[in-house]
Amino acid sequence: MMQDLDVQLVTQPAEPVRAVVALGSNLGDSANILDEAIDAFRQAPNIEVTAVSPRAKTAPVGGPKQPDFLNQVLILQTTLSPYALLEFAQQLEQAAARVRDIRWGPRTLDVDLIDVQYVTSRHPMLTLPHPRAHERAFVLTPWSWADPTAMLSGQSVAKLAARADDVATVHPVEDIQ
């Protein structure tokens, strides 16, 4: 399947590029699960975590009735290819016993690649920027807290967050890191 990927998804950048990753959890000890994921990113080779957003408590969007989420956004510098970064994210989900049986259902850990500098892809295995990020305050708001000047596809992340349908359901949580 990897041979079917766009070359830009599997090419390792020569210099570190910015990547934005969203984390979410609403099953188990969500705060601890997010802490462990952040630590894994910090310890990973070829990844430097340059910013960690404050946590947000958010209502679930879509899917079945379920508990609220804890969400955070990480801003990275990485020399991993986008696909290698996706594989790393999926390994973290597996380590957290993520079960993928209900679309937009509850989960121990969700790790989404939101944006990778210079990469635009419509490939079904990895679409970049994330196809729904521009309309989801649970991603945009924490991202704007971590980087108030952030842009997504040429638009202000903070302004996109303010217009998102779920903006009223995103609340800051005291960060205990």
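**Exercise 1.** Which residue in S5 is the bridge partner of Ala22?

*Solution.* Keep in mind that this is a predicted model. Start with strand S1, which covers residues 17-25. S1 is joined to strand S5 (residues 110-116) by six bridges, and the two run antiparallel. Now look along S5 for the residue paired with Ala22: that residue is Asp112.

**Exercise 2.** Find the other strand that pairs with S1, and say how well S1 is covered.

*Solution.* Move on to strand S4, residues 69-78. Nine bridges link S4 to S1, again in an antiparallel arrangement. As an example, Gln72 in S4 stands opposite Leu23. Then check the burial of S1: eight of its nine residues are buried, so the strand is mostly covered.

**Exercise 3.** Explain why helix H4 can be called largely enclosed by the rest of the structure.

*Solution.* First locate H4 at residues 137-146. Next, count a residue as buried when its relative accessible area is under 20%. Eight of the ten residues of H4 are buried, so the helix is largely enclosed. Among them are Phe138, Val139 and Trp143.

**Exercise 4.** Describe the largest cavity and its lining.

*Solution.* The structure has one cavity of 30 Å³ or more, and the largest cavity holds about 30 Å³ of space. Its lining includes Asp112, Ile114, Phe138 and Val139. S5 and H4 each contribute at least two lining residues. Sorted by type, the lining has four nonpolar residues, one polar and three charged.

Key
Residues are numbered from 1 along each chain as its sequence is written. This is a predicted model: local features need pLDDT of at least 70, side-chain atom pairs count only at pLDDT 80 or more; totals for chains, interfaces and linings use all residues. Side-chain values use heavy atoms; hydrogens and water are left out. Buried means under 20% relative accessible area, exposed over 50%, partly exposed in between (1.4 Å probe, protein chains only). Helices (H or I, at least four residues) and strands (E, at least two) are DSSP runs, numbered from the N terminus. Two strands pair if DSSP finds at least two bridges between them. On a 1 Å grid over the protein atoms alone, a cavity is a set of points where a 1.4 Å probe fits but cannot get out, and a pocket is an open set with protein on both sides within 12 Å along at least five of seven lines; lining residues have an atom within 4 Å of a point. Grid points are joined across faces, edges and corners, and a volume is the space filled by probe spheres set on the points. Ala, Val, Leu, Ile, Met, Phe, Trp, Tyr, Cys and Pro count as nonpolar, Asp, Glu, Lys and Arg as charged, and the others, Gly among them, as polar.
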